[in-house]
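Please consult the sequence and the structure shown below while reading.

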Amino acid sequence: MVEMWNSVIQLHAKGRRKACAVSNFQLVSEQNWGAGWMYSVKCTKCSFISPVYKLYKEIPTGKPGRKAAVTNLTLQSGLLDMPVGNTRARSGVQTLSNQVSAKMRRLNTVNMREKNQSS
C-alpha cells in the first residue's frame, strides 16, 4: 500500500498543475481477487487518474490470463491441512461479517439520530 501511494504521488507530481498545490486523492476503482485487492485513485482537483495497483503478489504460471494471488494460495494450502476446511472458513468469515454489519447499522442509526437532532 505504501509503495502504491509513493508511486501515485510521484506520478501526480510529474504532471502537476497549479491547481494541485495540495492534492486530494479519491478512490476510483477497487476490485478484490480473493483475499487480494486492486486499487486506482484520482485527484479531485485535476484530471490525474492513477494506473491500477495490485496490492498482492502474483504467482507466475506461464499461462495466459489472470495469475493467482499468493494470499489466495496460502489460504487454500493452510485450509487443506485443517479440519475446518473451505466451508467452515467461509462460514466463519460470514459470521464475522454479520457481526460487523450489525454494529455498523447501530452506529449509523445513532449517528443519523444525532444529526437529525442537531438540525
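The side chains of Lys54 and Glu58 meet in a salt bridge, with 2.8 Å from N to O; the term requires a side-chain nitrogen of Lys or Arg within 4 Å of a carboxyl oxygen of Asp or Glu. The structure holds one salt bridge. This is a predicted model, in which local features need pLDDT of at least 70 and side-chain atom pairs count only at pLDDT 80 or more, while totals for chains, interfaces and linings use all residues. Residues are numbered from 1 along each chain as its sequence is written, and side-chain values use heavy atoms, with hydrogens and water left out.

- Side chains of opposite charge can pair when their charged atoms come close.

**Overall fold**
- The chain has three helices and five strands, which are DSSP runs (helices H or I, at least four residues; strands E, at least two) numbered from the N terminus.
- Along the sequence, the pattern is α-β-β-β-β-β-α-α.
- Buried residues account for 18% of the 119 residues in the chain.

**Sheet**
- An open sheet is formed by three strands in the order β1-β2-β3, with antiparallel pairing; two strands pair if DSSP finds at least two bridges between them.
- Its edge strands are β1 (25–33) and β3 (53–54), each pairing on one side only.
- β1 and β2 (residues 36–43) run antiparallel and are joined by eight bridges.
- Trp33 stands opposite Gly36 in β2.

**Nonpolar core**
- The largest nonpolar core has nine residues, including Met4, Val8, Cys20, Tyr39 and Phe48; such a core is a set of buried Ala, Val, Leu, Ile, Met, Phe, Trp, Tyr and Cys residues joined through side-chain atoms within 4.5 Å.
- α1 and β2 are the elements that give two or more residues to this core.
- β2 gives the most, with three residues.
- Cys20 touches His12, Cys43, Lys45 and Cys46, not counting residues up to four places away in sequence; contact means heavy atoms within 4.5 Å.

**Helix α1**
- Ile9 is placed in helix α1 (residues 2–14).
- Ile9 counts as partly exposed because its relative accessibility is 47%.

Methods
Buried means under 20% relative accessible area, exposed over 50%, partly exposed in between (1.4 Å probe, protein chains only).
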